[in-house]
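Please look over the sequence and the fold before reading on.

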Amino acid sequence: MNASNKPDLKRSLTAARGHYRNQQKPQHTLSDLGAFPPTTMKTKIVCTLGPASSSEEVLRELILAGMDMVRLNFSHGTHEEMEAIFSTVRRISSEFSEQVSILCDIQGPKIRTGKVKEAFNVDVGDHIDVTADSVLGTPECVQIKYPHMMEDLDVGDKIFINDGIVKLRVEAKKARSLACVVEAGGQISDHKGCNIPKGKLSLNIITEKDKKDLELIAKLNPEYVAASFIGNGADVEKVRSCLRDFGNTDVKIMAKVERPGALDCIDEIISASDAIMVARGDLGVEIPTWGVPAAQKDIVRKCNREGKPVIVATQMLESMTLAQRPTRAEASDVFNAVLDGADAVMLSGETSVGKFPVICVKTMDSIVGEAERFMESRNPDHYDSANPGNAELMGHGCFTMAKQFNAQGISGKIVTIATTGYSTRMVSKYRPNIPILAFTANLRAARELNVVWGVQSIYSPLVTGDSVEEKARNAIKMGLDLDLIDKNDHVIVVASSHLAPSSGVFSGIYSVNDLLAEAPDTTH
């Protein structure tokens, strides 16, 4: 490949991150791992952006430290601010081979308290009425902005206020209010979040604010939109339909699992969604805290089985919002999310408003790297879906071939020629023990794959050819030029069939040295 035909990759992010890690080791790691190798970790890192992390300087530092996806939280900030940071991320990502994708997170139907005369505390055993009517809150009665409260709640139901700090139990139903007793005390003030862990609530999954936000999101065209308080598969389709009404059919839907009803419908939610977020904040309020780890493991396993990306989120390194070192429990939390099989782990306030966003990402990167050393090889039979298609069968086969490479001491890579990224996800879900390189001429596919476990996406218009083998050779040569493939490697190539691109999948094994010696260079 001559200089004019080299892939348009302004810098190799893997090499840049390797140099960055070697030069600037995280100040606090779980163990002395030595210098990081010049490769990205297989489990991806998502960072919520905010005042602490929106400058160009910090964004570049976050990318070099290991950030793979940014989350824009539409619960905060104006549309003008969102457009500005979106544009900045896109521009900086182009400097790093388009290796950073964007997730826009809509607020959803968050229930909140109304205004109060002044903030007040309630203690265990106190009695207080709650109403949907507009009243100025006092220790005797407070508004909760949920218009269907009287129809949907019954005696014995629970209401949580202020992120679960205050817990109320309904004792009786009055004409316009619910009489409650305080079971866990704390402060009640204006506009505090409320959780009602009732199985079925009469919520409009898309609020008026969400509609305005989705109109902007359709215009911005990020890789994913995170939909809050999803309760079933139909809710996912409502969000998809709203985006379609605004002219966008490309943005992928990431359903946030944060209500008990979602756990009951998890299979249909996974089926309807393109990706899943285990949103443990609200989920940990609405179900017993000790039930969250089991729910997390179950959701991650099911997503893995279906080949859908899954993010574990909320309070992963919460203490690092103010401190430069995580607690042991937080380190264990991230570590175990990796072992569970999460495609990505997410930082929220730690990077949006925290004092040490870059150190936080470096630390998470360290924990992820350490955890990956302890990941056991999967039994691929346990991750076959109920009705595997050709791409999934090929993914299973790639796992077996990669295992044989290791058994025979063969240095290898998996190269996928990606069109939509589906076949690449089917390879990733089995967690093969050699690198997965996804070469694609589809920029959207490259960005979407940034959050998929173990995948390094390489976008270039030069991933072309009149045959599958010509594409394979061009991709392998590109990988050599980028130092992602070694001339002594053996490469498993996966690509869509030319004859039946929608259903057929091609695979081949190549010795890089032999391929380069025997096949002509078609890229001049």
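Helices (H or I, at least four residues) and strands (E, at least two) are DSSP runs, numbered from the N terminus, and in that scheme S352 has its place in helix α12. This is a predicted model, in which local features need pLDDT of at least 70 and side-chain atom pairs count only at pLDDT 80 or more, while totals for chains, interfaces and linings use all residues. Residues are numbered from 1 along each chain as its sequence is written, and side-chain values use heavy atoms, with hydrogens and water left out.

**Domains**

- The chain is divided into domain 1 (44–109 + 206–373), domain 2 (112–195) and domain 3 (380–518), with bounds that come from an automatic or database domain assignment.
- Between domain 1 and domain 3 the C-alpha centres lie 26 Å apart, and 28 residues of domain 1 are in contact with 24 residues of domain 3, where contact means heavy atoms within 4.5 Å.

**The largest pocket**

- A pocket is found on a 1 Å grid over the protein atoms alone, as an open set of points where a 1.4 Å probe fits, with protein on both sides within 12 Å along at least five of seven lines; lining residues have an atom within 4 Å of a point.
- The largest pocket has a volume of about 1,500 Å³, the volume being the space filled by probe spheres set on the grid points, which are joined across faces, edges and corners.
- Its lining is made of 49 residues, and R71, N73, H76, T314 and S348 are those that lie nearest the centre of the pocket.
- The elements that give two or more residues to this lining are β2 (67–73), α3 (79–95), β15 (275–279), α9 (280–286), α10 and α12 (349–352), and the largest share, 5 residues, comes from α9.
- By residue class the lining divides into 15 nonpolar, 21 polar and 13 charged residues, with Ala, Val, Leu, Ile, Met, Phe, Trp, Tyr, Cys and Pro counted as nonpolar, Asp, Glu, Lys and Arg as charged, and the others, Gly among them, as polar.
- At least three lining residues are drawn from each of domain 1 and domain 2.

- S352 is buried, with a relative accessible area of 10%; buried means under 20% relative accessible area, exposed over 50%, and partly exposed in between (1.4 Å probe, protein chains only).
- Leaving aside neighbours within four places in sequence, S352 is in contact with T48, L49, G50, P51, A52 and S53.

**Helix α11**

- The 13 residues of α11 (residues 328–340) should span 18 Å at 1.5 Å a residue, and the end C-alpha atoms are 18 Å apart, which agrees; the expected span is 1.5 Å times one less than the number of residues.
- Buried in α11 are E330, A331, V334, F335, A337, V338 and D340, and what covers them includes α10 (292–306), β16 (310–313), β17 (344–347) and α13 (357–372).
- Just after α11, G341 takes a positive phi of about 115°.

**Helix α14 and A402**

- Helix α14 (residues 390–407) has 18 residues and reaches 26 Å from its first C-alpha to its last, close to the 26 Å expected.
- Among the buried residues of α14 are M394, H396, F399 and A402, and the cover over the buried residues of this helix includes α10, β18 (412–418), α15 (422–428), β21 (490–496) and β22 (505–511).
- A402 is buried, with a relative accessible area of 0%, and touches P432, N433, I434 and I492, not counting residues up to four places away in sequence.
- Just after α14, G409 takes a positive phi of about 70°.

**Loop residues**

- T113, in the loop between β4 (111–112) and β5 (120–122), is buried, with a relative accessible area of 0%.
- Beyond four places in sequence, the contacts of T113 include I161, D190, H191 and C194.
- Most residues other than glycine have a negative phi.
- H191, in the loop between β11 (186–188) and β12 (193–195), has a positive phi near 55° and is partly exposed, with a relative accessible area of 38%.
- N221, in the loop between α5 (208–220) and β13 (224–227), has a positive phi of about 65° although it is not a glycine, and is partly exposed at 26% relative accessible area.
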